[in-house]
Amino acid sequence: MNDSLKEFLKKLSEDEELCAKLESAGDSDKAYEIAKTIQEGFTKEEFVDAMTRINNSISADGEINDDDLISVAGGLTTDEETLLMDGTFLGSAIVAASSAGAV
């Protein structure tokens with residue numbers, strides 16, 4: 001994962017308003033356009049891949065799933081830590097965007 005995308009995910013985890021914008025995007029094109037206004041330097045494919053990985057790591061109730069929790073106990077790479085940071089807050093936005101077909 002490139003540094004620009006990592007920076008975007010960090011900003012996303014810290015900004016409830018940005019999460020709300022992504023939740024309301026409706027599709028991956030609109031979500032990517034929103035993301036580009038916050039942080040440039042990553043492709044739509046990289047963005048969608050990251051959002052999909054995050055969504056797959058978080059259960060429907062916004063909690064990190066058991067497999068990823070086990071990974072946390074054993075340690076994660078920097079990229080995986082970025083994807084799983086603040087799972088509840090970030091996860092709720094990704095799950096909502098995914099449910100709306102944005103990701």
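The protein chain has seven helices and zero strands, where helices (H or I, at least four residues) and strands (E, at least two) are DSSP runs numbered from the N terminus. Along the sequence, this reads as α-α-α-α-α-α-α. The model is predicted, so local features need pLDDT of at least 70 and side-chain atom pairs count only at pLDDT 80 or more, while totals for chains, interfaces and linings use all residues. Residues are numbered from 1 along each chain as its sequence is written, and side-chain values use heavy atoms, with hydrogens and water left out.

**The chain as a whole**
- Of the 103 residues in the protein chain, 37% are buried; buried means under 20% relative accessible area, exposed over 50%, and partly exposed in between (1.4 Å probe, protein chains only).
- Among contacts (heavy atoms within 4.5 Å) with a separation of 6 or more, 69% join residues 24 or more positions apart.
- The protein chain exposes about 5,500 Å², and carbon and sulfur atoms supply 46% of that area, by the Shrake-Rupley method with a 1.4 Å probe.

**Helix H4**
- Helix H4 covers residues 44-57, and its 14 residues should span 20 Å at 1.5 Å a residue, which agrees with end C-alpha atoms 20 Å apart; the expected span is 1.5 Å times one less than the number of residues.
- Its buried residues are Phe 47, Ala 50, Met 51, Ile 54, Asn 55 and Ser 57.

**H3 against H4**
- The axes of H3 and H4 come within 10 Å and cross at roughly 105°; axes are lines fitted to C-alpha atoms, for helices over the stretch in contact, and angles run from 0 to 180 degrees between N-to-C directions.
- H3 is therefore roughly perpendicular to H4, a label for angles of 65 to 115 degrees, with under 35 roughly parallel, over 145 roughly antiparallel and the rest oblique.
- Ser 28, Asp 29, Ala 31, Tyr 32 and Ala 35 of H3 touch Lys 44, Phe 47 and Val 48 of H4.
- Asp 29, in helix H3 (residues 28-38), is partly exposed, at a relative accessible area of 43%.
- Asp 29 and Val 48 are 19 residues apart in sequence, with their C-alpha atoms 9.3 Å apart.

**H1 against H2**
- Helix H1 (residues 3-14) packs on helix H2 (residues 16-23) at about 105°, with the axes 5 Å apart.
- That angle makes H1 roughly perpendicular to H2.
- Phe 8, Lys 11, Leu 12 and Glu 14 of H1 make the contact with Glu 16, Leu 18, Cys 19 and Leu 22 of H2.
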